[in-house]
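The sequence and coordinates come first, and the text follows them.

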Amino acid sequence: MKALIIVFSPSGHTAKISSYLKSGLEANGVTNQLINITKNENYLYKKNIKTTLLKEVNKHDILFIGGPVYAGHVENHILQIIEELPLPNEQFSDIVVPFVTYGGVHSSIGLEEMGKLLRRKQRKSILGFKIASKHTLTQTFKKIINEHAPNQESYQVVDKALNRVMALLKGDIRDLKDNSKSFCYADAQERQLFNTFSQNHFHKDHKNVSIKQEKCIACRKCIKACPVNMFHFTGDQVKMSDDKTRCILCAECFHNCLANAIEFTYLDKVEKRLKQGYAKLEEPQSGIYPIVD
Ligand SMILES: Cc1cc2nc3c(=O)[nH]c(=O)nc-3n(C[C@H](O)[C@H](O)[C@H](O)COP(=O)(O)O)c2cc1C
């Protein structure tokens with residue numbers, strides 16, 4: 001049995017869950033390949049993805065694919081990877097386990113839209129799971145949501161998900177069913193809201209991150225931190241790409257800057273929306289779908 005794990009993780013939480021999954025799979029005798037697409041231009045830009053997948057992906061029996069929830073949706077780069085997956089064949093399995101990490105507030109339609117798109121790519125999502133993690137945008141707020149997550153409880157949910165996957169794989173895998181309809185767990189109003197408004201709808205007006213050159217000390221932390229490579233060093237200055245639409249508003253540049261030289265106005269809006277971090281949290285915080293107990 002061979003597995004493939006694909007992950008996008010601007011702030012590292014989804015990557016942590018993926019590494020844990022990788023060890024769990026190995027402990028169960030499943031060899032696996034982990035592809036972290038963060039900062040990897042071959043997987044970030046639509047025009048490169050299909051050829052890179054065909055070239056780099058090893059033959060596998062099951063795919064685990066995960067990313068963070070951004071504005072109630074799974075972050076777009078993961079949807080883009082799913083869109084570019086070839087139809088199932090000798091190399092690419094039709095059995096999938098999508099997963100998301102989220103800041104505990106709302107995972108909304110993140111898993112649901114992955115399931116839907118995977119169905120269109122003739123995949124069967126045998127189960128899916130969500131893991132509550134630190135809400136990265138609340139890092140500078142009075143209350144950091146889920147500051148110490150993923151934690152023991154999160155990893156127990158991953159263990160449980162993996163045990164269920166292993167049990168399902170024991171039978172004839174051709175008999176496995178698609179369970180992606182069970183990912184529609186958000187209430188009707190919330191689902192309607194996020195099915196109507198895309199991630200880009202919520203974010204597009206805020207993609208105005210900039211560098212205050214008078215404060216910048218060229219430490220280049222932003223270049224290292226940016227998951228989509230928006231920053232580069234030219235001559236003696238750090239510069240940002242002119243194409244601001246590529247920014248995903250993860251705030252990693254802002255949080256990693258040593259000189260407070262990043263202008264990131266979106267946080268003011270988030271601060272108001274999440275009332276300084278005192279937000280109502282989704283229940284259950286972490287979970288596996290379909291629910292069995
Ligand atoms: C731009 C942005 C939007 C986010 N939107 C949500 C959201 O709608 N609901 C939520 O609970 N968490 C939200 N989060 C928090 C992330 O989903 C959470 O911190 C996730 O674990 C980050 O994953 P990563 O560390 O792999 O990047 C958002 C974070 C960012 C940066």
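At what angle do the axes of helix α4 (residues 76-84) and helix α5 (residues 110-120) cross, and within what distance do they come? In this predicted model, the two axes cross at roughly 15° and come within 9 Å. An angle under 35 degrees counts as roughly parallel, so α4 is roughly parallel to α5. The crossing of these two helices is right-handed. On the α4 side the contact is made by Leu-79, Ile-82 and Glu-83, and on the α5 side by Glu-113, Met-114, Leu-117 and Leu-118.

**Helix pairs**

Two packed helices are described by the angle between their axes and the distance between the axes. The table lists these values for two further pairs.

| Helix pair | Angle between axes | Distance between axes |
|---|---|---|
| α3 (residues 46-56) and α4 | about 55° | 9 Å |
| α1 and α6 | about 45° | 10 Å |

The angle between α1 and α6 makes α1 oblique to α6. Their crossing is right-handed. Here Ile-17, Tyr-20, Leu-21 and Gly-24 of α1 meet Tyr-155, Val-158, Asp-159 and Leu-162 of α6.

With an angle of about 55°, α3 and α4 are therefore oblique to each other. The crossing of α3 and α4 is also right-handed. The residues that meet are Lys-46, Ile-49, Lys-50 and Leu-53 from α3, and Gln-80, Ile-81 and Glu-84 from α4.

**The buried side of α4**

Which residues of α4 are buried? They are His-77, Ile-78, Ile-81 and Ile-82. Viewed down the helix axis, the buried residues of α4 fall within an arc of 145°, so they line one face of the helix. Ile-81 is among the residues that meet α3, while Ile-82 takes part in the contact with α5. The buried residues of α4 pack against the helices α2 (41-44), α3 and α5, and against the strands β1 (2-7), β3 (62-70) and β4 (73-74).

**Helix α6**

Helix α6 covers residues 152-170, which is 19 residues. At 1.5 Å a residue it should span 27 Å, and its end C-alpha atoms are 27 Å apart, so the two values agree.

Its buried residues are Ser-154, Val-157, Val-158, Ala-161, Leu-162 and Val-165. Seen down the axis of α6, these fall within an arc of 135°, so they line one face of the helix. An α-helix has 3.6 residues a turn, so residues three or four places apart point the same way. The buried residues of α6 pack against α1 (13-27), β5 (95-102), β7 (128-132) and β12 (287-289). Val-158 and Leu-162 are buried, and both are among the α6 residues that meet α1. The face turned away from the buried side carries the exposed residues Gln-152, Glu-153, Gln-156, Ala-167 and Lys-170.

**The surroundings of Cys-222**

Cys-222 is found in helix α9 (residues 221-225). Is this residue buried or exposed? Cys-222 has 26 C-beta neighbours inside 10 Å, and a residue is buried if 20 or more lie within that distance, so Cys-222 counts as buried.

Leaving aside residues up to four places away in sequence, Cys-222 touches Phe-231, Val-238, Cys-253, Asn-256, Cys-257 and Ile-262. Asn-256 is 34 residues from Cys-222 along the chain, and the C-alpha atoms of the two are separated by 6.4 Å.

How values were computed: Residues are numbered from 1 along each chain as its sequence is written. This is a predicted model: local features need pLDDT of at least 70, side-chain atom pairs count only at pLDDT 80 or more; totals for chains, interfaces and linings use all residues. Helices (H or I, at least four residues) and strands (E, at least two) are DSSP runs, numbered from the N terminus. The expected span of a helix is 1.5 Å times one less than its number of residues. A residue is buried if 20 or more other C-beta atoms lie within 10 Å of its own, exposed if 12 or fewer, and partly exposed in between; C-beta atoms are placed from the backbone. The arc is that of the directions from the helix axis to the C-beta atoms. Two residues are in contact if their C-beta atoms, placed from the backbone, lie within 7 Å. Axes are lines fitted to C-alpha atoms, for helices over the stretch in contact, and angles run from 0 to 180 degrees between N-to-C directions. Angles under 35 degrees count as roughly parallel, over 145 as roughly antiparallel, 65 to 115 as roughly perpendicular and the rest as oblique. A crossing is left-handed if the near helix is turned anticlockwise from the far one by less than a right angle, and right-handed if clockwise.
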